[in-house]
Number of protein chains: 2
Amino acid sequence: MQKINSVPTLIQIKAAHEAIKPYIHQTPVISNTSINQITGADIFFKCENFQKIGAFKMRGASYATLTLTKEEKACGIATHSSGNHAQAVALSAKNHGIKAYIVMPSTAPVIKRNATAGYGAEIITCEPNIASRKTTLDKVVERTGATFIHPFDDYNVITGQATASLELIREVGPLDIMMAPIGGGGLMSGTALTTKYLLPDTQIIGAEPIEVNDAYRSYHKGEIVVNETINSIADGLLTNLSDKTFGIIKEHLDDILLVSEKQIVEAMRLIWERMKIIIEPSCAVPLAAILNNKERFEGKKIGLILTGGNVDVNNLPF
Amino acid sequence: MQKINSVPTLIQIKAAHEAIKPYIHQTPVISNTSINQITGADIFFKCENFQKIGAFKMRGASYATLTLTKEEKACGIATHSSGNHAQAVALSAKNHGIKAYIVMPSTAPVIKRNATAGYGAEIITCEPNIASRKTTLDKVVERTGATFIHPFDDYNVITGQATASLELIREVGPLDIMMAPIGGGGLMSGTALTTKYLLPDTQIIGAEPIEVNDAYRSYHKGEIVVNETINSIADGLLTNLSDKTFGIIKEHLDDILLVSEKQIVEAMRLIWERMKIIIEPSCAVPLAAILNNKERFEGKKIGLILTGGNVDVNNLPF
């Protein structure tokens, strides 16, 4: 596949979807009678918690890996992440029989290290700060010649993430509103592009924890601002936006809604109890926004991407 | 529909399935690559945790309600249960616009009382012992003329529960082994019948906690024996067998396997973490049996019924 070096087109997103199909699940879309009754809306949940490695990140990593040249493949791929992107890169490498180098902070949970190592990746431990992550990764890339796959500031990754909403729209048709949570913005920007291309009249609304509201503030200020704290249970959403994701979000989003930590846990509990599925706290953020802005969503047909299901069951918020 | 007064035939099970279709979900069948790798088996999980009211009990209660005469309907239906059967009877009554009377022990969790009352049922509180349950129910039936729907010692209920395995077999075809957990035996006996009728060469294996092994002991002794303790996390499996369920289980089961509490929690965790779905501890019992008897199940194609997903997320075993 060709590398994508600018905002992906619909044709590119569709081609990426065909290309990654052997490496991803077409995840189910579920609606739930009692959550629809509670919200007064008609919500279609795209269940990326059932995706390979348990999160949508498999889409972007799969596509980025497919764009590598033979020479690049020979040197492997690398990233820094302690979360779902690490596992996605590791599994993508395994799928293509190439090497993966994952830089992880020394504080990363053992369960995540083991899961990543289980796919055959080489784990390189760094200090638990951003500077150490970067320098450690730079050294790995220098030593190995591996290609760095950024978790979101990469149009190939954004193109891959855009395929979740492509499947959702193909399955459920027109929507009044499309929603996703915002972390680094890879999923949100991909989702915004697909939705704009296929359903130009659909509102696109992001959701973010108040505690890590960099996207909200960036969107309103018109330039990237960063988080001052990372005190949110939504551990997939602690990252700041990047140039590429902010560019798309700024242009295509109709709004970004903020929710409290308590609202996130309540929405997460509601999904667990009513839908009987396991989702990460990050996934609960858009539903929390719906529950706390009911009048705005009542009677609306809504597409909502549940991003992942990798939680530590020994450490739950309820 | 006609009342079924003896062991149901395949024709009766199929007719019951058609009749209850408007009141139940056709639940998904899921398989999981990593659990298949761990067990060496090929397991098809029938996900009754996604059933209405969150458990297979909706099937039996729906069918039993459909067999009522106009006169019986006028007086409503009654049962004693603090669990899933209570909600199933309550929702079935609501579906037909009739009254439901549910006898619940004073110790029943508020969440279960509320869920049952939420379907419009009248809750009658009794002392937390079997004698009080029975006398309280008798009084309710005497006062109201309601029809008692037993949670399992009723061929109509057994016929309804048999429809879960009917859907499973229709979806996945021939199986080497069919498995379900055993509590009162309603699901297990219905599952055994459907399997014997459709797949006469398939082994039928029940699974039970060691701590409440009445079915195991009854099966081997050839007569019903009762539990001496009810110390199991598998709160759906604490009941003893009845004449009707034991009759079917004795005749059709190839084996009953026992598992420890620790094994149940480990299997439950495995399903939560790998499949990203919420199941009750009771559901984990057959997988625990597979995990602890690997050589027996290796290479086998197995159907396994996940019975329900109603757990108190504030009170988890991990």
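The model is predicted.

Chain A contains 14 helices and 10 strands. Its radius of gyration is 18 Å, close to the 20 Å given by the globule rule for 318 residues, so chain A is as compact as a globular protein of that length. Along the principal axes, its C-alpha trace spans about 55 × 40 × 40 Å. Buried residues make up 54% of the 318 residues of chain A. Contacts in chain A with a separation of 6 or more were also examined by sequence distance. Of these, 75% are between residues 24 or more positions apart.

An open sheet of 4 strands is found in chain A. The strand order is E5-E4-E3-E6, and the pairing is parallel. Strand E5 (122–126) and strand E6 (147–148) of chain A are the edge strands, and each pairs on one side only. Strand E4 of chain A covers residues 100–105. E4(A) runs parallel to E5(A), and 5 bridges join the two. Within this pairing, A:Met104 stands opposite A:Thr125 in E5(A). Helix H5 (residues 84–95) of chain A packs on the sheet, where it touches strand E3 (77–80) and E4 of chain A. The direction of H5 makes about 165° with that of E4(A). Helix H7 (residues 130–144) of chain A also packs on the sheet. H7 touches E3, E4, E5 and E6 of chain A, and its direction makes about 160° with that of E4(A).

In chain B, 4 strands form an open sheet with parallel pairing, in the order E5-E4-E3-E6. Strand E5 (122–126) and strand E6 (147–148) of chain B stand at the edges. Each has a single partner strand, so one side of each is left without a neighbour in the sheet. Strand E4 (residues 100–105) of chain B is joined to E5(B) by 5 bridges, and the two run parallel. The bridge partner of B:Met104 in E5(B) is B:Thr125.

Helix H7(B) lies across strand E3 (77–80), E4, E5 and E6 of chain B. H7(B) runs at about 160° to E4(B). This helix covers residues 130–144 of chain B, which is 15 residues. At 1.5 Å a residue, H7 of chain B should span 21 Å. The end C-alpha atoms are 21 Å apart, which agrees with that expectation. Just after H7(B), B:Gly145 adopts a positive phi of about 75°.

The two chains touch through 14 residues of chain B and 14 residues of chain A. On the chain B side, 7 of the contacting residues are nonpolar, 4 are polar and 3 are charged.

B:Leu238 was examined as a loop position. It lies between helix H10 (214–221) and helix H11 (243–252) of chain B. B:Leu238 has 19 other C-beta atoms within 10 Å. Burial requires 20 or more, so B:Leu238 counts as partly exposed. With neighbours within four places in sequence left aside, B:Leu238 is in contact with B:Gly183, B:Val212, B:Ile230 and B:Ser232. B:Val259 is 21 residues from B:Leu238 along the chain, and their C-alpha atoms are separated by 14 Å.

Definitions and conventions: Residues are numbered from 1 along each chain as its sequence is written. Chains are lettered from A and ligands numbered from 1 in the order in which they are written. This is a predicted model: local features need pLDDT of at least 70, side-chain atom pairs count only at pLDDT 80 or more; totals for chains, interfaces and linings use all residues. Two residues are in contact if their C-beta atoms, placed from the backbone, lie within 7 Å. Ala, Val, Leu, Ile, Met, Phe, Trp, Tyr, Cys and Pro count as nonpolar, Asp, Glu, Lys and Arg as charged, and the others, Gly among them, as polar. The expected span of a helix is 1.5 Å times one less than its number of residues. Two strands pair if DSSP finds at least two bridges between them. Axes are lines fitted to C-alpha atoms, for helices over the stretch in contact, and angles run from 0 to 180 degrees between N-to-C directions. The radius of gyration is taken over C-alpha atoms; the globule rule is 2.2 Å times the number of residues to the power 0.38. A residue is buried if 20 or more other C-beta atoms lie within 10 Å of its own, exposed if 12 or fewer, and partly exposed in between; C-beta atoms are placed from the backbone.
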